[in-house]
Amino acid sequence: MKQELLVVDGGGGGGGGKYGEDATERKDTVQEILAAQEPADFWRAVTVDEVFCGPGSREGDNYMSIIKRVVAHCTVKTLDGQNHAFTISLIFKRQITNPHRRQLFRCDAAFENEITAYTSIIPVLQRLAPYKLPYPTCLTAGSDDRGDRIVLKDLTTLGFSMVDRRIGLSFAHCSAVMKELAKLHATSLALKHGHPAQYASVCAKVREIVFCPEAADFYTHSLETSLRGALDSLRYSNRSGELDRPIKAIEQGLSSGRLYRLMSGLVCNLVDESWRVICHGDTWVNNLMFSADQQSVRLIDLQTMRCTTPVIDILHLLYTSTGRDVRQQHTADLLLLYRRALLEALEQHLPADQMRQPRMRHFEQQFSYGRLRAEYDRCLPYGLGIAMWLLPAVTFNPDQILDLDGVTISDFKSNNHEKRIAQLVSVDYHTRMRDIALELYDQGTLQRLTTIYH
């Protein structure tokens, strides 16, 4: 296997290319990581002979870090004294190198959040869960002499792959995600009810990095840029006048920086605290990897893991990564599937004693379809906001990717950034924004924007 030395796109902005010597991962780094794995005797006998470093994601598919696929050719000496060669493929995730971009997009906080997720949150949840949680295997998460790093087993060697973000997810894809989100949320609920002190300790480690005071200024301006871009898109698509009322409702309901406050309120201020669970936080198409038969899915990129209502994960998925037909035809089906999977997972957590049935009746009532649908409908404005925010990134042509290394906070405040984005958005972006605006107007969501977190 001969492979040119490459490094992945440095976070999705300026494209890939050769980054020089610091693009590589050294043999001794890989050796150290392997030596720390179990069974220890096997890995300590391994010698790393060659390391090849290549892109770990497609151009434009990653925005907050450098992702590299590291293929190591190794030799192990077995007990009979013979040498056996094997190859292992790992995913290395490292910080982007541009310091201004790291500060602007809060990359350090995001990376720290993901390290905490892999070291202190997922292990606790997995020990409790009677099933495998939908995450890649993490070999190490922390830092070395080159800075922060996360090293994962390469899911592509197990047949997992991403769906093209511009195509979007099918009903089958979404069904697989719903089942795994239900397991994740059920484990959180089981910890919450069965071990409340431990649950509180875990939640204290989950850090909200978007809807928090220190991030408010940047993300308020970022969302305002997205809102103006979405309104420009709707006006562009409004040739027949059918978007007149949706546009007016959005303009009236989301004036003066209200979009960030509205989304923050939906994420942070729950009507019923019993619904708060540990969520993935960023369930869009590029953070999902599916098996070839679409029956299994792994959730990747845990930088925005948060504690909130479970429907935020569901809305994030449907309004960034599906088309109108999936939502119109299958929202009820997906919510019913999610509810069934949630209750089945919760039942696996409960001991077979006299309290099992009363506890299950409690969960069945708490997460009835009617209450689940009501919570989903209440939080629908989050779906609108996240669509405005992420759809430009979802629909960009890989040959026309914005260079985020050159972006400053002044660009957002002066509208420079939205002018750049307006030159890059695709026809698909206009179509998706039009569909979402009409859909949410028909459902009455846009009309009630003025009354939500005013």
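Me: Which residues does His430 touch, not counting residues up to four places away in sequence?

Reply: In this predicted model, where local features need pLDDT of at least 70, side-chain atom pairs count only at pLDDT 80 or more, and totals for chains, interfaces and linings use all residues, His430 touches Ser233, Tyr236, Ser237 and Val425. Contact means heavy atoms within 4.5 Å. Residues are numbered from 1 along each chain as its sequence is written, and side-chain values use heavy atoms, with hydrogens and water left out.

Me: Why is His430 called buried?

Reply: The relative accessible area of His430 is 15%. Buried means under 20%, exposed over 50% and partly exposed in between, with a 1.4 Å probe and protein chains only; His430 is therefore buried.

Me: Where is the place of His430?

Reply: His430 belongs to helix α17, residues 427–442. Helices (H or I, at least four residues) and strands (E, at least two) are DSSP runs, numbered from the N terminus.

Me: What makes β1 and β2 a pair?

Reply: Two strands pair if DSSP finds at least two bridges between them. β1 and β2 (residues 66–77) are joined by 9 bridges, so they pair, and they run antiparallel. Val70 in β2 is the bridge partner of Cys53.

Me: What is the strand order of the open sheet, and which are its edge strands?

Reply: The 5 strands follow the order β1-β2-β3-β5-β4, with antiparallel pairing. β1 (46–55) and β4 (138–144) are the edge strands, since each pairs on one side only.
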